[in-house]
Amino acid sequence: MDGKMFGSLTPLLLMLIIFYFLLYRPQKKAQNRRKSLLDALQVGHQVITIGGIHGEIKAIDENEKVIYLEIAPNPQVRVAIPAIQSNLTTNQSL
């Protein structure tokens, strides 16, 4: 009876292992890369937003979770921190 129970659980355990290596683990790595990218942002860094806007960080407001990007000599835009895709200064991207 024990052999039958082990035999019926083997496909389930195999599926769980496959899901771990194909879905959960890569997603966790991507989340950690994204977190390190956003945590490393500092004033003066050159960044690219998800929408493709290039700019220099002029200020970071942690309370509102926004940064102020200078996209030309004077205009600044307010951008949500999670909208940053790449940090050109540190060569980090997603």
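A residue counts as buried under 20% relative accessible area, as exposed over 50%, and as partly exposed in between. The model described here is predicted.

**Lys 58 and its partners**

Lys 58 has 32% relative accessibility, so this residue counts as partly exposed. Glu 56, at 22% relative accessibility, is partly exposed because that value also lies in the range in between. The side chains of Glu 56 and Lys 58 meet in a salt bridge, and Lys 58 forms a salt bridge with Glu 70 as well. Lys 58 belongs to strand E2 (residues 54–61) and Glu 70 to strand E3 (residues 66–70), so this pair ties together parts that are 12 residues apart in sequence. Through shared partners, salt bridges join Glu 56, Lys 58 and Glu 70 into one network.

**Salt bridges**

The structure holds four salt bridges. The table gives three pairs, among them one in helix H1.

| Pair | N to O distance |
|---|---|
| Lys 35 and Asp 39 | 2.8 Å |
| Glu 56 and Lys 58 | 3.4 Å |
| Lys 58 and Glu 70 | 3.6 Å |

Lys 35 and Asp 39 are both part of helix H1 (residues 2–39), where they sit four residues apart, about one turn of the helix. Both of these residues are exposed.

**Nonpolar core**

The largest nonpolar core has eight residues: Leu 41, Val 47, Ile 57, Ile 67, Leu 69, Val 79, Ile 81 and Ile 84. Leaving aside neighbours within four places in sequence, the contacts of Val 47 include the core residues Leu 41, Ile 57, Leu 69 and Ile 84. Val 47 is also in contact with Ile 53, His 54, Gly 55, Ser 86, Asn 87 and Leu 88.

Technical notes
Residues are numbered from 1 along each chain as its sequence is written. This is a predicted model: local features need pLDDT of at least 70, side-chain atom pairs count only at pLDDT 80 or more; totals for chains, interfaces and linings use all residues. Side-chain values use heavy atoms; hydrogens and water are left out. A nonpolar core is a set of buried Ala, Val, Leu, Ile, Met, Phe, Trp, Tyr and Cys residues joined through side-chain atoms within 4.5 Å. Buried means under 20% relative accessible area, exposed over 50%, partly exposed in between (1.4 Å probe, protein chains only). Contact means heavy atoms within 4.5 Å. Helices (H or I, at least four residues) and strands (E, at least two) are DSSP runs, numbered from the N terminus.
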